[in-house]
Amino acid sequence: MHADAFDRFHEAESRLHRLDPRVKVVVTVLFILSNALLPDGAWAALGLAWIILLWANQLSNLGVDFSFRRSFVALPFALAAVSAIFSPLGNQLAEWHVGPLVLIPTDYGLIKFASILVRSWLSVQAAILLVSTTRFPDMIHAFEHLRVPATLTTIVAFLYRYLFVLTDEVMRLLRARKSRSAAAPGHRPCRDVAMQRLYMARVTGNMAGQLFLRSYDRSDRIYNAMLARGYTGQLRTLNAHVMKSSDWRFAALSALLILFLQLIGRL
Amino acid sequence: MHYSPAPLHIPDGFLNLVISLLFWAITAVTVGIAISKTNKSLGEKQVPLMGVMAAFIFAAQMLNFPVAGGTSGHFLGGALAAIVLGPWAAVLVMTAVIAVQGLLFQDGGLLVMGANIFNMGLLTAVIGYGLYRAAAGRSKGVRYAVAGVGAWIAVLAAALMASMQLWLSGTSQLQIVLPAMLGVHVLIGIGEAIITVAALAFIERTRPDLLTEKATAEKGGRGWVYAGVVVALLAVLLSPLASTNPDGLERVAEDMGFLHLGQSAPFQILPDYTVPFLGQTPLSTIVAGAVGALVVLGLMIVIGQSLRKRNA
């Protein structure tokens, strides 16, 4: 597996790609914050937020519908909000009898549910755009500049660096398990399903233990190799970020737009 | 890639601002303490160790196994990390894992990341390590049983907390979300427990030095035992109580003012974007907007200055 197996970065030449990663991180967080602050049913503001998002997609040269096509990851979680439809507040719209339950959807509940979904959907798209236009190491660097403790950002950098190495390790373990647990097609290797499940979980546990030890030893080797190369507890970067005046302009414009969104949502 | 989201990661938009910021504050303070604690005990060696261990948890979450009804169980790994690495290190490792899941895979939001780290990182560390430390020095059977029960309760506690956060945010109704979340995670937790125990037994067979009584006790003070037992008891007692009688919990929350906290607007400084003494007039709205703009401008200046200092 190659080092960029988990990369979400999409190479392109665009205004958004060139933008300082700090500006992108701050604007993304502000946008998500703004979505959370908008009251339920502020459709004008939420719609405008989507238009701004489309415009940002356009700026990224990745295509207007880029983030939209990838935005359905959080959808399964919408189940958690379904119960909001049956809020006790608001006017009753209908009465459904489902088995022993009596479900009463209300207008307030329906607006609440739709608002939660739209908010979540917009926020996910903003985050997608951020990771697609920013290299992950640059993003980590940006967090460091934004005063996230260096210890934490460096741990995240290591996680990112070694994730694909350990994923390779997992693939090897899974391949080994597969090659050792042959069964004729259509035949269960064990009659008792519960025992089989328990056995499978135990094997998975052994694999987790094995993976842990391999990772633990690997971290030791990495540390020694780093010491040999002059590691002092600080990671250095050759990629010093400097805020240009165009970055400041973009940041100011975004902040104004977000403020405008809030005013529209509240008036 | 081979990455499938677990149902515990709350996305942005599902928690309201007060709850999100409250849990961010708790998480930020705890992570800050964890950084200074691990700095002291491990020094600069911690960074490669924690980083690779975080990658381990991430990779181990790809190991799945079938549970009843066509769903597959995931390994969350918080309790195992806390037992083997110690609670503070586990908090950092889980924080890094959840941060990357949210940032890179949009599995869990950014604004609600504090809550996600609290549920899956802090609660699992307290319960997983606290209970296991209480059994340190006992026979293998006792320790493994305690570790397994701890891992199971940790998953339940995370599910319980996530449902409470959703409910306090006004997103879900308690009587629906709580039984659903707990019902799913009672099963997932069993898988978690078996994997944790099997992994622990495997590690003990190969590297017994990592799991001696002394090694366990060195990683955290006795306070963890009390904290772990109290949190685990709360989770175990609250889960069936709240599932069978959610109205009771609702009443308690109402009496204590939590419900109000969750469902009212987060800022009472400029209610409805009007300035109180100016009343509901266009002028009032304009003044309120101007105050808001000034606050944002001030924030930008502060951020800008801190950026400049770093660049110099």
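Author: Let us start with helix packing, where axes are lines fitted to C-alpha atoms, for helices over the stretch in contact, and angles run from 0 to 180 degrees between N-to-C directions. The model before you is predicted. In it, helix α8 of chain A, residues 193-228, packs with α7(B) at an angle of about 50 degrees, and the two axes are 7 Å apart.

Reader: How is the relation of α8(A) to α7(B) described, oblique or roughly parallel?

Author: Angles under 35 degrees count as roughly parallel and those over 145 as roughly antiparallel, while 65 to 115 is roughly perpendicular and the rest is oblique. The angle of about 50 degrees therefore makes α8(A) oblique to α7(B). As for the sense of the crossing, α8(A) passes α7(B) in a right-handed manner.

Reader: Which residues in α8(A) and α7(B) meet?

Author: From α8(A), the residues include A:Leu198, A:Ala201, A:Arg202, A:Phe212 and A:Leu213, and among those they meet in α7(B) are B:Ile194, B:Ile195, B:Val197, B:Phe202 and B:Ile203. Divided by class, the residues of this contact of α8(A) with α7(B) are 12 nonpolar, 7 polar and 1 charged.

Reader: What is the angle between α7(B) and helix α6 of chain B?

Author: Helix α6 of chain B, residues 140-168, packs with α7(B) at an angle of about 155 degrees, with the axes 7 Å apart, and α6(B) is therefore roughly antiparallel to α7(B). The crossing of α6(B) past α7(B) is right-handed, and the contact of α6(B) with α7(B) has 23 nonpolar, 5 polar and 1 charged residues.

Reader: How many residues does each chain bring to the contact between chain A and chain B?

Author: In general, the size of an interface is often given as the accessible area lost when the parts come together. Here we have residue counts, and the contact takes 75 residues from chain A and 75 residues from chain B. On the side of chain B that touches chain A, the elements that each supply at least two residues are α1, α2, β1, α4, α7 and α12 of chain B, and α2(B) gives the most, with 13 residues. By class, that side of chain B has 50 nonpolar, 18 polar and 7 charged residues.

Reader: How is chain A divided into domains?

Author: Domain 1 of chain A takes in 15-84, 121-146 and 243-266, whereas domain 2 takes in 150-180 and 193-228. The centres of the two domains of chain A, taken over C-alpha atoms, are 34 Å apart, and 5 residues of domain 1 are in contact with 5 residues of domain 2. On the side of domain 1 that touches domain 2, the residues are 4 nonpolar, no polar and 1 charged.

Reader: What does the secondary structure of chain B come to?

Author: Chain B has 12 helices and 2 strands, and 51% of its 312 residues count as buried. Among the contacts in chain B with a separation of 6 or more, residues 24 or more positions apart account for 74%.

Note on methods:
Residues numbered from 1 in each chain as written. Chains lettered and ligands numbered in written order. Predicted model: local features only at pLDDT ≥ 70, side-chain atom pairs only at ≥ 80, totals over all residues. Contact = placed C-beta atoms within 7 Å. Helix = DSSP H or I, 4+ residues; strand = E, 2+ residues; numbered from the N terminus. Nonpolar A, V, L, I, M, F, W, Y, C, P; charged D, E, K, R; others polar. Domains from an automatic or database assignment. Left-handed = near helix turned anticlockwise from the far one by under 90°. Buried ≥ 20, exposed ≤ 12 C-beta atoms within 10 Å, placed from the backbone.
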